[in-house]
Amino acid sequence: MIPFTTVEAAETSLGRAMTWAEALWFRYSRSTPDYCLCFQSFLILFAAYTLAPLPLTLLELCAPSKMTPPYKVQSKVRLSPVAFLRCYKDTAIVLLLLTFGPLQLVAYAALKVSGMRTGLPLPSAGEVAAQLVVYMLMEDYLGYWFHRFLHSEWIYDNIHYVHHEFRAPMGFAAAHAHWFESLVLGFAAFISIFAVPCHMITCWLWFAIRGIAGVEIHCGFNLPFSPTKLIPFYGGAEFHDYHHHCGGKWNHSNLAPLFTFCDYIYGTHSVYRNQNSSIVKVHSYFRHLTPFYIHVHQSLFLLKCTMQIYEIIKYFSSRRIQLILIWGKKLVDPKAGKKVREYLHFRYVLQDLFS
């Protein structure tokens, strides 16, 4: 709470006139206790978790099935509305219970001890940007090692398995986790702020960025126009989607929550890198095939079809079944009308061959 009741008193303390941002902050926070300002950090995080996934959720649920595959990482998976609602409901209950419980009590005390500011003057844009970069780097490094710990056998079987329920993740799966994992991650979000104290506005921005980034890497869409592609070493949805798709307690690939350099330094990106390089080589091979090789592939396919037709004719000739083809109708066996099984077998073989 700002210890001034009037604008004149605040400007006298600053020794200058307030900026428009400082005047707005003064009017908003002069009668709001610091405890309530700290609580609003969790509300911002919850709002980011609730609102950020909605556009891509509506795209996956409402868009035609032929529209999303170019941008969806796992294009063959399409989750149902029930799955989205259940994921959000289960996660929201856990977040709300933790927010109104231990997180709020401990976080406020820790922030007051660390020296977080709520008054005037407001931090400069450069100070806010520098602190946010430090927070993201610390979050990424600590999150990487905590994630590796979560993939140990007992911890995964009893706690982290909840987060890996969705092998094709969506935005709401960002915070879909066991309550103990959510509690530890909630405390971990304040470690960087405790180490590098900031203004409450910077804390709000950090929680908003943290929530949106978590949703983005779990959204399941690799959008070419995403502004996160401009961030150096940023993992993104495709990088983290591989971790969920090949998930399991022994999957130690792509563990970092934001950037890729921790996985690169400690070698936990090698499987993902090797698979991607193999896919690129295969695509490059087929893309540069000459017409001669394409002709050879077509010839081999025709030869395979011919051999299968020969096997079919040989199969029926060995049983001395005379097959008569009636134009525009169906295949009939006049001498063995009761052998329906032979006819059905022949029909399904043809369907498998030419489907």
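**Note on the pocket, cores and aromatic pairs**

1. The lining of the largest pocket is made up of 22 nonpolar, 7 polar and 4 charged residues, where Ala, Val, Leu, Ile, Met, Phe, Trp, Tyr, Cys and Pro count as nonpolar, Asp, Glu, Lys and Arg as charged, and the others, Gly among them, as polar. A pocket here is an open set of points on a 1 Å grid over the protein atoms alone, where a 1.4 Å probe fits, with protein on both sides within 12 Å along at least five of seven lines, and lining residues have an atom within 4 Å of a point.

2. The model is predicted, and local features need pLDDT of at least 70, side-chain atom pairs count only at pLDDT 80 or more, while totals for chains, interfaces and linings use all residues. Residues are numbered from 1 along each chain as its sequence is written, and side-chain values use heavy atoms, with hydrogens and water left out.

3. The largest pocket has a volume of about 650 Å³, a volume being the space filled by probe spheres set on the points, which are joined across faces, edges and corners. Of its 33 lining residues, Ile-212, Glu-216, Ser-226, Thr-228 and Tyr-234 are the closest to the centre. Helix H10 (200-218) is one of the elements that give two or more residues to this lining, and H10 provides the largest share, 5 residues; helices are DSSP runs (H or I, at least four residues), numbered from the N terminus.

4. A nonpolar core is a set of buried Ala, Val, Leu, Ile, Met, Phe, Trp, Tyr and Cys residues joined through side-chain atoms within 4.5 Å, and buried means under 20% relative accessible area, exposed over 50%, partly exposed in between (1.4 Å probe, protein chains only). The largest such core has 30 residues, and Trp-25, Leu-120, Ile-193 and Met-200 have the most contacts inside it. Apart from this core lies another, of 11 residues, including Phe-84 and Phe-166.

5. Rings of Phe, Tyr and Trp (its six-membered ring) pair if their centres lie within 6.5 Å, with planes under 30 degrees apart counted as stacked, over 60 as edge-to-face and the rest as tilted; by this rule there are 21 aromatic pairs. The rings of Tyr-49 and Tyr-88 are stacked, because their centres are 5.8 Å apart and their planes are at 15 degrees. Tyr-49 is buried at 4% relative accessible area, whereas Tyr-88 is partly exposed at 23%.

6. Phe-239 and Tyr-272 form an edge-to-face pair, 5.3 Å centre to centre with 85 degrees between the planes. Phe-239 lies in helix H11 and Tyr-272 in helix H13, so this pair ties together parts that are 33 residues apart in sequence.
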